[in-house]
Amino acid sequence: MSLPELLAQYGYLALFIGALLEGETILILAGFAAFEGYLSFPLVVLTAFCGGTLGDQIYFYLGRYHGAPLLARFPHLAARVQPVNRLIVRYNTALIIGVRFMYGLRIAGPIIIGMSDVSAWRFLVFNVIGATIWAVVIAGVGYLFGPTLHTLLGEIVQYEEKAFLALIGVAVLFGLVRWFVRRRRSP
C-alpha cells in the first residue's frame, strides 16, 4: 500500500484519534500531509477540531463526575490541581481556551476544570473557541513548514514516502515513550 493510499484510507481517522489525546505532533504531520496534497487542509482542520473538542469535553466530564477517584488513582494529577484552580479563579475564559496549548495540561487541564465550579455550557463555548484556534494554528504550522522542509532537504520526491513514514514512526515512538514514562512515574 502506497503512502497516498494509506493516508487516504486512515489519515483522518488517525488524526481524529490523535486529536482526542494530545494530538499536536499528529496534527502538524497532517498539516504537512495537506501541504503535500495527500490530505485536504480544511478537512484536516475540521477533523482536528472535532477530535480536540470531543476529547476535552470527555475529560471535562471525567473531572466533573469522577474527579476525586481519578485524583486518588493518578497522584501526578493531584499535584497540578492547586495551580490550575488558582488560574481558573483568576483567568477562567483564557484558561479554558488556552489549556490545550499548555504542555502537560492538555488532558489534566479539562479534568481539573471539570472539578471546578465552571459550568458545562461555559466550558463548551470556550472549548469550541479554543479547539478552533488550536486546529487552525497547529495544522497551519505543519502546512506552512512544508516549503521549508523542501528547501532544507532539496528534492525528496523519491524518498517522501519513506521520510513521511519515518516521521510518523518517530511521532508514534515519542508518544509511546512519553506514555511509558508517565506510567512509570505514577505508583
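Threonine 53 is found in helix 3 of this predicted model. The chain holds eight helices and zero strands, and buried residues make up 40% of its 187 residues.

**Threonine 53**
- Threonine 53 has a relative accessible area of 10%, so it counts as buried, the cut-off being under 20%.
- Its side chain reaches the backbone oxygen of phenylalanine 49 at 2.8 Å.
- Leaving aside residues up to four places away in sequence, threonine 53 touches Asn127, Val128 and Ala131.

**The chain as a whole**
- Read from the N terminus, the elements run α-α-α-α-α-α-α-α.
- Of the contacts between residues at least 6 apart in sequence, 83% join residues at least 24 apart.

**Helix 2**
- Helix 2 is made of 13 residues.
- From its first C-alpha to its last, helix 2 reaches 18 Å, which is close to the 18 Å expected at 1.5 Å a residue.
- Buried residues in helix 2 are Leu27, Leu29, Ala30, Gly31, Phe32, Ala33 and Ala34.
- An α-helix has 3.6 residues a turn, so residues three or four places apart point the same way.
- After helix 2 comes glycine 37, with a positive phi near 90°.

**Valine 141**
- Valine 141 lies in helix 7, which covers residues 120-153.
- The relative accessible area of valine 141 is 43%, so this residue is partly exposed: buried would need under 20% and exposed over 50%.
- Leucine 27 is 114 residues away from valine 141 along the chain, yet their C-alpha atoms are separated by 9.1 Å.
- Leucine 27 is also one of the buried residues of helix 2.

**The largest pocket**
- The volume of the largest pocket is about 1300 Å³.
- The lining of this pocket has 44 residues, and the closest to the pocket centre are Leu21, Glu22, Ile107, Gly175 and Trp179.
- Two or more lining residues come from each of helix 1 (3-20), helix 2 (24-36), helix 3 (41-73), helix 4 (75-90), helix 6 (108-114) and helix 8 (160-185).
- Helix 8 gives the most to the lining, with 11 residues.
- By type, the lining residues divide into 28 nonpolar, eight polar and eight charged.

Definitions and conventions: Residues numbered from 1 in each chain as written. Predicted model: local features only at pLDDT ≥ 70, side-chain atom pairs only at ≥ 80, totals over all residues. Heavy atoms only, no water. 1 Å grid on protein atoms, 1.4 Å probe; cavity = no way out; pocket = protein on both sides within 12 Å on 5 of 7 lines; lining within 4 Å. Points joined across faces, edges and corners; volume = space filled by probe spheres on them. Helix = DSSP H or I, 4+ residues; strand = E, 2+ residues; numbered from the N terminus. Nonpolar A, V, L, I, M, F, W, Y, C, P; charged D, E, K, R; others polar. Buried < 20%, exposed > 50% of the residue type's maximum accessible area, 1.4 Å probe, protein only. Polar contact = N/O pair within 3.5 Å; in protein donor to acceptor, adjacent residues only side chain to side chain. Contact = heavy atoms within 4.5 Å. Expected span 1.5 Å × (residues − 1).
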